[in-house]
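Visitor: I am new to this structure. Please take me through one part of it, closely and step by step.

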Amino acid sequence: MIIGIALFVFPFIYEDRSMLILFTQIFIFAIFAMSYDILLGFTGIVSFGHAMFFGIGAYCVSVMLKHHEPTMLLVTGAISLGVLFSLIISFVVGLMTLRLKSHYYAMLTLALAGLFLVAAEKWRTLTYGNDGFTFQVPEFFHDRLHFYLVCLVLMVIVYFGLKRFIQSPLGRILLAIKDNEQRAESLGYQVLHYKIIASIVAGGIASLSGSLYALSLRFVNTSVFTMDITLDALLMTIIGGVGTLIGPVLGAAIIELAHHWLTGLAKVHWIFERWLILFGIVYILAVMFFPNGIVGSVRKLVSKKEKKEDVSTSENIVKEG
Amino acid sequence: MVAILETKNLGITFGTHQAVQDVSFSVEKNEFKSIIGPNGAGKTTLFNLLSGQLKPTKGEIYLKGQQITGSSVVERTRLGIGRSFQITNVFPNLTVLENVRLAVQSQAKLRYQAFTHYRSYQKFEEKALHWLHVALLDHKENTLAINLAHGEKRKLEMAMLLALEPELLLLDEPTAGMSLEDVPAILQVIKKIKEEGDKTILLIEHKMDMIMDLSDRIMVLFNGKLLAEGTPREIMDNELVQSAYLGGLYDEFTSQS
Ligand SMILES: Nc1ncnc2c1ncn2[C@@H]1O[C@H](COP(=O)(O)OP(=O)(O)O)[C@@H](O)[C@H]1O
Ligand SMILES: [Mg+2]
């Protein structure tokens with residue numbers, strides 16, 4: 001809470017453009033990682049194609065702004081259109097693929113995201129392929145501070161919106177499905193419906209983050225559809241803490257900050273340029289030693305301490321989220 | 001009397017092994033029927049066929065006259081078939097209360113509500129606590145299911161089944177693996193459900209003495225086939241059962257499995 005307020009005030013006190021951009025980036029990826037965690041952490045769906053929806057959001061906004069006068073209304077419309085597209089596509093994809101066993105599903109999402117990447121590269125008249133294109137953003141966003149605040153507000157809204165979502169009766173069923181799919185079925189819950197609902201919600205929000213990402217760069221190319229984007233989400237979620245909402249936010253901050261500093265260090269030694277390799281190592285270590293991520297590990301510590309005083313507090317681990 | 005459940009020539013084959021063969025039987029409304037038979041006789045497999053976890057390779061199943069052979073697990077649950085599992089099957093990383101609350105929520109048909117807070121349905125929690133109390137699992141509601149002792153997991157399984165309030169209960173060895181002092185209490189719970197008189201119960205048990213006074217009727221399953229059916233008295237006196245199940249064959253069978 002305090003951090004939240006601090007984030008609102010921070011840019012007014014400390015005016016550093018590159019910090020502002022970095023934090024905006026964090027908010028955007030926090031939104032994206034939270035959407036991924038709805039799949040991975042709350043429903044137990046492993047998707048390798050989440051970039052698909054990120055890319056749809058990014059291109060929707062970029063193409064619209066390229067071809068029309070950039071107004072706030074248009075931006076809002078374009079974002080909504082992207083979300084709508086993603087809702088439809090995630091519904092169709094979910095309907096087709098979520099029946100499959102989880103590893104087949106993971107592979108199929110990988111292939112589908114690849115399909116979008118190829119399509120974006122081939123459809124040059126619209127996307128200019130890998131070279132990408134720049135576009136104008138509305139006047140209001142010329143001030144980086146405005147954009148910072150918009151992203152922050154959206155992140156907070158998404159956070160609380162998803163929090164309510166996962167604490168709803170439906171959200172509790174998602175957790176149950178993650179824990180034991182067959183049992184959820186024999187309680188009378190139609191598992192496929194819930195998986196589709198989760199992937200629709202995740203797809204829509206991922207699209208929102210993609211749109212914001214493109215707006216922040218004022219540029220788009222096919223990289224928004226690449227595996228790197230999905231891996232970022234995976235990394236952020238796992239390092240921060242799967243199955244919590246604050247975890248992905250924290251993970252986004254860590255990854256983005258580390259990325260920023262490591263790129264800075266690239267002048268010192270070339271190894272820092274290959275930051276993805278470093279993250280690969282960090283990732284493996286994290287999975288080995290902190291399978292619950294930062295948030296999960298902290299909670300475990302706290303609940304262990306409480307346990308000494310009161311035996312029956314282990315529920316904290318699941319209750320919050 | 002109306003048959004609530006009926007099977008016709010029900011069978012399933014795993015590869016070449018016929019786990020259940022040509023089983024035809026019917027259960028009347030509010031009847032208490034037990035299924036006995038040695039390990040590997042096909043009792044659990046028969047339950048899997050009835051609850052929809054497995055699809056039969058042969059035969060039909062009817063619930064209240066309606067064919068349900070092809071229905072899914074979800075559909076059958078919603079039609080009123082509830083089951084407990086021999087090998088404990090709960091939500092390990094959720095609390096005991098949440099395990100039962102999910103069953104209550106399903107029973108209340110609250111399946112797609114995504115906007116309210118789940119705790120605003122206080123009734124669900126109260127009901128869940130009630131079922132935990134009935135299943136003799138008081139004061140454990142905040143424990144994660146994974147941390148329960150084996151016998152407690154069996155009780156949780158029971159509470160989840162009761163919370164679904166099914167018309168037809170399929171109980172698969174509910175006392176298996178329980179500590180001896182808990183067994184009478186769980187039998188007491190089953191007895192209580194029976195005495196309320198509005199539930200149909202199918203109970204699998206391979207300890208014969210336990211079910212003699214509980215059951216209206218008993219079926220004996222042996223090598224996937226229905227060997228005999230009758231009142232407890234009749235089963236006791238049945239020579240085939242004597243020789244196959246209670247006699248030498250039984251020992252031979254259990255010692256190999
Ligand atoms: N899914 C399955 N695949 C292959 N064989 C199975 C399967 N389920 C059960 N069986 C076999 O069917 C037989 C009956 O098993 P089961 O129904 O569990 O017996 P019971 O519950 O009477 O002890 C056993 O020989 C078992 O190995
Ligand atoms: Mg069995």
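Is Thr44(B) buried, exposed or partly exposed, and why does it count that way? Please show me its surroundings too.

Guide: This is a predicted model. Thr44(B) counts as partly exposed, because its relative accessibility is 26%. Buried would mean under 20%, and exposed over 50%.

Now its surroundings. Thr44(B) is one of the residues around ligand 1. Others there include Phe14(B), His17(B), Pro38(B) and Asn39(B). Gly40(B), Ala41(B), Gly42(B), Lys43(B) and Thr45(B) also belong to the group. By type, the shell splits into 4 nonpolar, 6 polar and 1 charged residue. Helix α1(B) gives the largest share, 3 residues. Strand β2 (17-28) of chain B also supplies at least two.

Next, the contacts. In the side chain of Thr44(B), an N or O atom sits 2.7 Å from an oxygen atom of ligand 1. Lys43(B) uses its backbone instead: an N or O atom there is 2.8 Å from a ligand 1 oxygen. For Ala41(B), again through a backbone N or O atom, the distance is 3.2 Å. Ligand 1 on its own exposes 560 Å², and the protein buries 60% of that.

Thr44(B) also meets a metal. Its OG1 atom is a donor to the magnesium ion, ligand 2. The other protein donor is OE1 of Gln86(B).

Definitions and conventions: Residues are numbered from 1 along each chain as its sequence is written. Chains are lettered from A and ligands numbered from 1 in the order in which they are written. This is a predicted model: local features need pLDDT of at least 70, side-chain atom pairs count only at pLDDT 80 or more; totals for chains, interfaces and linings use all residues. Side-chain values use heavy atoms; hydrogens and water are left out. A residue is near a molecule or strand if one of its heavy atoms lies within 4 Å of it. A polar contact is a pair of N or O atoms within 3.5 Å; within protein, one must be able to donate a hydrogen and the other to accept it, and residues adjacent in sequence count only if both atoms are side-chain atoms. Accessible areas come from the Shrake-Rupley method with a 1.4 Å probe; for residues, only the protein chains shown count as cover. Helices (H or I, at least four residues) and strands (E, at least two) are DSSP runs, numbered from the N terminus. Ala, Val, Leu, Ile, Met, Phe, Trp, Tyr, Cys and Pro count as nonpolar, Asp, Glu, Lys and Arg as charged, and the others, Gly among them, as polar. Donors are N, O and S atoms within 2.8 Å of the metal (3.2 Å for Na, K and Ca); water is not among the atoms, so sites may look incomplete. Buried means under 20% relative accessible area, exposed over 50%, partly exposed in between (1.4 Å probe, protein chains only).
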